[in-house]
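Hello,

Here is the structure I promised to pass on to you. Have a look at it first, and then read my notes below.

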Amino acid sequence: MEGGNFCCTLLIACCLSVWVTADQYKVYPILGVSGKDDVYAGAWISIFTGFSFFCLGVFGIIGLVSGNRLMVLLYLVLMLFVYMFECASCITSYTHRDFVVSNPNLVTKQMLTFYAAPTAQGRELTRMWDRIMMEQQYCGTSGPMDWVNYSSTFRTFYPEVVSPWPFLCCKRDPNFVILSQEGCRIGHVDYINNKGCFDHIGHAVDSYTWGVSWFGFAILMFTCPVMLVAMYHYTTL
Amino acid sequence: GASPWPMAEGSVTGPSNLHFNLLLDFNISTPPGLLTPAFAESLLVAVPPCQFTGANANIRHFTAPPCRSRRYVLSVGDSNDGFTVTRLDAYQVTGLIPGQTYSISYSIPNKDHSVSSSNTITMQTLQRELASSCLMARSGGMVVITVLLSIAMFLLLVGLIAVLVIAGRK
C-alpha cells in the first residue's frame, strides 16, 4: 500500500517536471541568455530522478516481499544515489529562481542590454519581449520609464525624440493598429501601456520553481522515513 | 500675409539666465495625462491658455528666437465619426542634455502691442543612468530547503552505514 502511494507520487513528480520543461509561458530565453538555466536543469533532473524513484520503488517492493537481502541492499544504495540528485535539483532550481526574479534588476538589465541588439541572443530576447509586451499588453520590466531612465542598446538605435520606447508599448485597437502614435510617443496614459512585465515573468518562473523545488522537497521529506523503515527491515532479514 | 492670430514666442534658457517677469499674466500648467513631462533629452510644456489663441484651441504659429534646441508643437487627439477630441496640446522642447535644469517661460505679444508673459517654471531632464544589477536577495525558502535536505541526507547516510555495520556483524 505504502509502496503503491509512493510510486504514484513519483509519477506525478515526473509529469510536473515535464510541464516545467515544456515552458508554456515561454520565458526560457530570460534564463538561457543569463548563462545559467538551472530552473530548467532542475526540471530535467527531476524528470529522470522521478522516473528512477518509480522504478526503484517497484524494485524495492519486490525485494522486500521476496526477502532477498542483496536486492534490498542494492535498492537502498541506489535510492540514496538518486536522492542526492533530487536534492541537488531542488536546491539549484530555487537558488537560480532567487537570482533571476527576486528583484527586477537582473531582468531589467538584460532587457536593456539585449533588446534590439543584432546578435543571435539579442534577436531571441527581442522576439520574446515583443511577444510578451504585445500579448499581455505590458511595457518594459517595471514600465515604459525603464527605457527613458536608463541607457540601452535600443537607445543607440533609436533617438529618444523619435521613439522613447518600443512602439509595442502603445495601446492598440482589436486589429492591432496603434491608437495614436504621437500620444504613445509622448507617453499619454490613454495611449501607452503603463504596467511592466515583471509580475508576469516572475509569476512564470515562480510557478516552475514551486513545481520543481517545493514538490521535490515534499517528495524527499516523505521518502526519507520510507527509506529509514526499509533500512530497519533490511536488518531484520 | 499677416496672420489674424497673435504670434507667440516661447523661450527657453539654460540654468545661468533666469527671466524675471514682474507682470505675470498666466501660469504655465503641467500638461495633463502624461506619464512624465520630462524625458532625458526633451521636455513637454503645456501651451498657453486658450484666451491667447482665439475661439478654437489650436495654436497656429510659434516663432522662436534662434536657439540650439528644436521644438515641436504636439496635438494628440482621437478622431471618431467626424468628431475630433483633443486630449493634449503641448510643446516639446528637444535637443536637451540629460540631468540638466532648465527654466521655461512664455512671452506673448498681443494685438494691442502689449506683451503677456507667464511665470517661469524650472524643469529638470532625467539623468540617464546605467542599469545596475544589485545584489540578489536570498529568500527564506532557499535556506529552509537547503537546511532540511542536508539534515535528511545526513540521516540517510548515517542510517545506511549503521545498517551495513549491523548486518555485517550478524
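A:Ala116, which follows helix H5 of chain A, has a positive phi near 70 degrees. Helices here are DSSP runs (H or I, at least four residues), numbered from the N terminus. H5(A) covers residues 105–114, and seven of its ten residues are buried (under 20% relative accessible area, with a 1.4 Å probe and protein chains only; over 50% is exposed, and partly exposed lies in between). Among the buried ones are A:Leu106, A:Met111 and A:Phe114. Their cover includes H4, H6 (120–136) and H10 of chain A.

Please keep in mind that this is a predicted model, where local features need pLDDT of at least 70, side-chain atom pairs count only at pLDDT 80 or more, and totals for chains, interfaces and linings use all residues. Residues are numbered from 1 along each chain as its sequence is written, chains are lettered from A and ligands numbered from 1 in the order written, and side-chain values use heavy atoms, without hydrogens and water.

Now to the rings. A:Phe81 and A:Phe85 both lie in helix H4 of chain A, four residues apart, about one turn of the helix. A:Phe81 counts as partly exposed because its relative accessibility is 47%, and A:Phe85 is also partly exposed, at 41%.

A:Arg97 sits over the face of A:Tyr94, 5.9 Å from the ring centre (the rule asks for NZ of Lys or CZ of Arg within 6 Å of the ring centre and within 35 degrees of the ring normal). A:Tyr94 is buried, because its relative accessible area is 5%. Likewise, A:Arg69 lies over the face of A:Tyr234, at 5.0 Å.

Best wishes

Key. Helices (H or I, at least four residues) and strands (E, at least two) are DSSP runs, numbered from the N terminus. Contact means heavy atoms within 4.5 Å.
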